[in-house]
Amino acid sequence: MLEVDCTMLTPEDVLKTSGHVDRFADWMCKDKATGEIFRADHLVEQVLEDRLKGDAEARGAVVEAEDSSSNKKKLKIKKKGPVRLPDEKVELYNKYLAQVSELTTTSH
């Protein structure tokens with residue numbers, strides 16, 4: 001088995017015919033330090049998940065290790081360790097995480 005690492009694997013005509021060009025519009029973010037490109041919804045989701053995990057650890061919960069089988073790129077974010085968040089912020093982060101997850105599942 002070979003891994004192909006390139007920017008374009010399928011001709012645009014095929015993507016247009018399949019509906020990918022007209023229906024998909026993912027916002028992208030570029031890490032200026034490394035040049036890596038990430039989907040914005042995946043980046044927001046990762047930051048919210050990391051902060052909620054840090055809060056859970058600070059509250060004494062046992063947090064499971066990350067699942068490496070995910071096909072999302074992981075941004076290397078500097079972590080400060082477990083930080084307890086105010087309850088209002090935890091509620092807000094969970095609300096935003098649900099909204100981002102909803103966008104991810106309905107846009108494709």
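Modeller: A contact here means heavy atoms within 4.5 Å. Residues 24 or more positions apart account for 67% of the protein chain's contacts with a separation of 6 or more.

Biologist: What kind of model is this, and how are residues numbered?

Modeller: The model is predicted, with local features requiring pLDDT of at least 70 and side-chain atom pairs counting only at pLDDT 80 or more, while totals for chains, interfaces and linings use all residues. Residues are numbered from 1 along each chain as its sequence is written, and side-chain values use heavy atoms, with hydrogens and water left out.

Biologist: In what order do the elements run from the N terminus on?

Modeller: The order is α-α-β-β-α-α, that is, four helices and two strands. Helices (H or I, at least four residues) and strands (E, at least two) are DSSP runs, numbered from the N terminus.

Biologist: How much of the chain is buried?

Modeller: Of the 108 residues in the protein chain, 19% are buried. Buried means under 20% relative accessible area, exposed over 50%, and partly exposed in between, with a 1.4 Å probe and protein chains only.

Biologist: Which residues make up the largest nonpolar core?

Modeller: That core has six residues in all: L48, L52, L85, V90, Y93 and L97. A nonpolar core is a set of buried Ala, Val, Leu, Ile, Met, Phe, Trp, Tyr and Cys residues joined through side-chain atoms within 4.5 Å.

Biologist: Which elements give two or more residues to this core?

Modeller: They are α3 (40-58) and α4 (87-106). The largest share, three residues, comes from α4.

Biologist: Turning to α3, how does its span agree with its 19 residues?

Modeller: The expected span is 1.5 Å times one less than the number of residues. For α3 this gives 27 Å, and its end C-alpha atoms are 27 Å apart, which agrees. After α3 comes G60, whose phi is positive, near 95°.

Biologist: Is D55 buried or exposed?

Modeller: D55, which lies in helix α3, counts as buried because its relative accessibility is 4%. Not counting residues up to four places away in sequence, D55 touches V83, R84, L85 and V90. With that exclusion, L85 touches R51, D55, R59, V90 and Y93.

Biologist: And what about V44?

Modeller: V44 is also in helix α3, but counts as partly exposed because its relative accessibility is 40%. The C-alpha atoms of V44 and V100 are separated by 7.6 Å, although these residues are 56 residues apart along the chain.
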